[in-house]
Amino acid sequence: MSRPADELGYKPLDGGWGWVVVFGAHISIGFAYSTSKVLSIFFNDIQEDLGASYSEIAWISSIMLAVMYAGGPVSSVLVKRFGSRPVVILGGLMCGVSLSVASFGNSIVYLYLFIGVIGGCGLSLNLNASLTIISKYFLARRPIANGIAMAGSPVFLCLMAPVNQFLQQHYGWRGSLLILGALMLNCCVAGALMRPVNAPPETPPCTPEKKVEEQPNKRKTKLKESCMNNAKKFLDLTFFRDRSFVIYLIGNVLFIFGAYAPIVFLPAYAVSIGVEEYSAAYLLSIMGLVDMVVRPGTGLIANTTWIRSRIQYFFGFAMVFNGTWHLLCPLIKSYAFLVVYAVFFGIGFGMVFAMIFECLMDLMGNERFPSAVGLVTIIECFPMLLGPPAAGLLVDIFGDYKYLFFMCGAVITTGGLFLFFMNIFNSHLMEKEKVAKDGEPNQKTKENQDQNQVSVSEMKQIPEAAIGRTEPEVKANGV
């Protein structure tokens with residue numbers, strides 16, 4: 001099922017400065033994934049200050065995540081043109097400025113624009129550029145490198161949840177956003193660490209060939225064809241012809257729809273059952289701490305010979321494990337069991353996100369990965385956009401948080417089961433197709449052998465007939 005990963009035209013370093021790049025990606029990805037989650041600590045204060053409902057306040061994180069995912073193709077094109085280093089630096093600047101300006105907002109729409117749209121664009125640049133440069137530096141150790149880089153999300157979640165709670169109590173939500181904006185400028189430092197790989201130069205896109213003897217019409221045609229090819233790279237729809245890609249995409253969409261709402265509403269759910277606010281915020285820290293350990297551990301396990309060839313099935317199992325604990329969460333009514341839920345939530349969440357892009361690299365290969373991840377992220381922005389507000393709408397309608405956990409758990413478990421069984425079915429289909437392809441040449445070879453045997457037998461018959469005809473002539477000459 002996996003595809004060759006050595007299509008780059010050079011041998012990746014698998015170490016050296018690559019580990020410094022992984023550290024930079026760890027910071028960049030950490031801010032990209034944790035920011036929308038830790039902002040939920042300010043939601044109650046923003047809700048009271050601006051008079052917003054649960055579903056309206058959930059749109060802040062939703063829009064931020066959706067724009068982060070939707071900007072994937074744009075980020076991929078910018079990375080191909082300019083490299084990862086300037087793209088990550090630009091993303092860090094956008095994130096820092098957007099949160100700082102959002103601290104002066106007086107309406108929920110103002111926060112949608114600056115936190116959701118502009119901040120989400122910055123996070124998109126950070127995420128895609130960091131993932132792409134890891135695939136340039138690593139091949140054999142790529143699962144480990146991805147696991148360490150993706151561990152940035154739980155590390156920053158673990159650190160930023162209590163920090164945000166502290167900032168909220170001392171500076172309010174406006175002062176906290178201003179300080180967070182300054183902290184996010186560290187992504188610019190992370191981008192500076194992403195030194196480009198010395199690879200064979202590529203032909204610049206949309207550049208007409210400079211030949212004097214060419215006619216203007218021919219040059220315009222070549223320029224048009226070059227631009228069309230570049231547009232296909234921007235949004236390559238040929239991936240939908242790949243059955244393995246479509247299976248991965250469907251399972252991923254189901255997971256993303258239910259993945260973030262439990263994180264966004266977990267502190268509020270804990271407070272609703274009588275847990276203190278600081279203790280409720282620490283649930284995110286506990287989840288992040290477990291997630292932080294699980295991601296690189298999952299990368300090590302995924303790098304073993306037995307698991308790496310079956311990583312798509314392992315990915316499906318991780319999703320089912322994650323969804324099952326969401327289904328059990330509404331049965332919990334004490335803080336001690338909420339801690340247990342946060343631990344297992346962190347395990348499942350960490351396993352999925354340690355493999356989510358590694359599985360795509362495994363299917364598409366390094367050369368096609370940047371275009372594939374851009375297409376995947378722009379499609380995933382729709383469930384990302386709708387998931388948390390749908391969960392918030394359930395809270396508004398029923399006045400209880402348990403229904404959002406039931407919804408998210410059911411959707412994620414369905415996605416995991418779909419991935420697991422459809423990958424089994426797909427592997428059988430691929431084996432049959434391989435046998436059919438191998439059978440065609442063998443059949444042609446057999447037909448050629450039969451034709452050769454017929455030709456040899458005919459050749460043998462011709463000399464015998466000739467000998468039979470020449471014997472009387474020899475006798476006559478002898479007489």
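Biologist: How do the axes of H7 and H8 cross?

Modeller: The axes of H7 and H8 cross at roughly 20° and come within 4 Å. Axes here are lines fitted to C-alpha atoms, for helices over the stretch in contact, with angles from 0 to 180 degrees between N-to-C directions. H7 and H8 are therefore roughly parallel to each other, a label for angles under 35 degrees. This is a predicted model, where local features need pLDDT of at least 70, side-chain atom pairs count only at pLDDT 80 or more, and totals for chains, interfaces and linings use all residues. Residues are numbered from 1 along each chain as its sequence is written, and side-chain values use heavy atoms, leaving out hydrogens and water.

Biologist: Which residues meet there?

Modeller: From H7, Ile148, Ala149 and Met150 meet Gly152, Ser153 and Pro154 of H8, with contact meaning heavy atoms within 4.5 Å. The H7 contact with H8 has four nonpolar, two polar and no charged residues. Nonpolar covers Ala, Val, Leu, Ile, Met, Phe, Trp, Tyr, Cys and Pro, charged covers Asp, Glu, Lys and Arg, and the others, Gly among them, are polar.

Biologist: And what about H7 with H16, at what angle do those axes cross?

Modeller: Roughly 140°, with the axes of H7 (residues 142-150) and H16 (residues 335-398) coming within 9 Å. That makes H7 oblique to H16, the class left once under 35 is roughly parallel, over 145 roughly antiparallel and 65 to 115 roughly perpendicular.

Biologist: Which H7 residues meet H16?

Modeller: Arg142, Pro143, Asn146 and Met150 do, and their H16 partners include Phe353, Met361 and Asn366.

Terms used
Helix = DSSP H or I, 4+ residues; strand = E, 2+ residues; numbered from the N terminus.
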